Amino acid sequence: MRSSVEEAPEYCAIEFAMEVLGGRWKMAILKQLVSGTHRFGELRRALPTITQRMLTRQLRELEADGLVTRTVYREVPPRVEYTLTDIGHSLDAITEQLDKWGRWYQETVRLVEPPTGPRPAA
C-alpha cells in the first residue's frame, strides 16, 4: 500500500506522481476521458487490448485517487459513467504532451533500424 500525500517526502514528488499515474493503462484511460464522460464499454472499445479486469482495477484506483468520478444510474440495465474530476483535468496538458511524444517516438523508431542482439549493460 502506498503512502498518503501527507506522508510523502517533498524530495520524491515525481516518485509519488508515478505511484498515482504509473502503470500501462492509467494515462491512456485519462486521455480517453479528457474528451468527456464515457461508459465502461466505450472505454473498453477505445482500449481494445486492455482486459475487463484490468480496466476495472485501473478505474477503481483512479477513482480512489480522486482523478475520476464514477456515477451509477439506477436503471435496468445499470448504467455506469466515468468522468474526470477537476484534479483529473489538471493532467490534460500532460496527457496531450505524452500523446504527442509517443507519436513522435513511434515515427522516429520506425525510421531507425532496431538494434540486433542484446542491449549493452548500463
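The model under study is predicted.

**Exercise 1.** Determine which residues of helix 1 are buried and how they are arranged around the axis.

*Solution.* 
Step 1. Helix 1 spans residues 13-21, and its buried residues are Phe16, Val20 and Leu21.
Step 2. Around the axis these residues cover an arc of only 125 degrees, so they lie on the same side of helix 1.
Step 3. Ile14, Glu15 and Met18 are exposed, on the face of helix 1 turned away from its buried side.
Step 4. Among the elements covering the buried residues of helix 1 is helix 2 (26-33).
Step 5. Just after helix 1, Gly23 adopts a positive phi of about 110 degrees.

**Exercise 2.** Characterise the packing of helix 2 and helix 6 by angle, axis distance and handedness, and describe the contact.

*Solution.* 
Step 1. The axes of helix 2 and helix 6 (residues 92-111) are 10 Å apart, and the packing angle is about 110 degrees.
Step 2. Angles of 65 to 115 degrees count as roughly perpendicular; helix 2 is therefore roughly perpendicular to helix 6.
Step 3. Helix 2 and helix 6 form a left-handed crossing.
Step 4. Helix 2 contributes Met27, Leu30 and Lys31, which meet Ile94, Thr95, Glu96, Leu98 and Asp99 of helix 6.
Step 5. By class, the residues of this contact comprise 4 nonpolar, 1 polar and 3 charged.

Terms used: Residues are numbered from 1 along each chain as its sequence is written. This is a predicted model: local features need pLDDT of at least 70, side-chain atom pairs count only at pLDDT 80 or more; totals for chains, interfaces and linings use all residues. Side-chain values use heavy atoms; hydrogens and water are left out. Buried means under 20% relative accessible area, exposed over 50%, partly exposed in between (1.4 Å probe, protein chains only). Helices (H or I, at least four residues) and strands (E, at least two) are DSSP runs, numbered from the N terminus. The arc is that of the directions from the helix axis to the C-beta atoms. Contact means heavy atoms within 4.5 Å. Axes are lines fitted to C-alpha atoms, for helices over the stretch in contact, and angles run from 0 to 180 degrees between N-to-C directions. Angles under 35 degrees count as roughly parallel, over 145 as roughly antiparallel, 65 to 115 as roughly perpendicular and the rest as oblique. A crossing is left-handed if the near helix is turned anticlockwise from the far one by less than a right angle, and right-handed if clockwise. Ala, Val, Leu, Ile, Met, Phe, Trp, Tyr, Cys and Pro count as nonpolar, Asp, Glu, Lys and Arg as charged, and the others, Gly among them, as polar.
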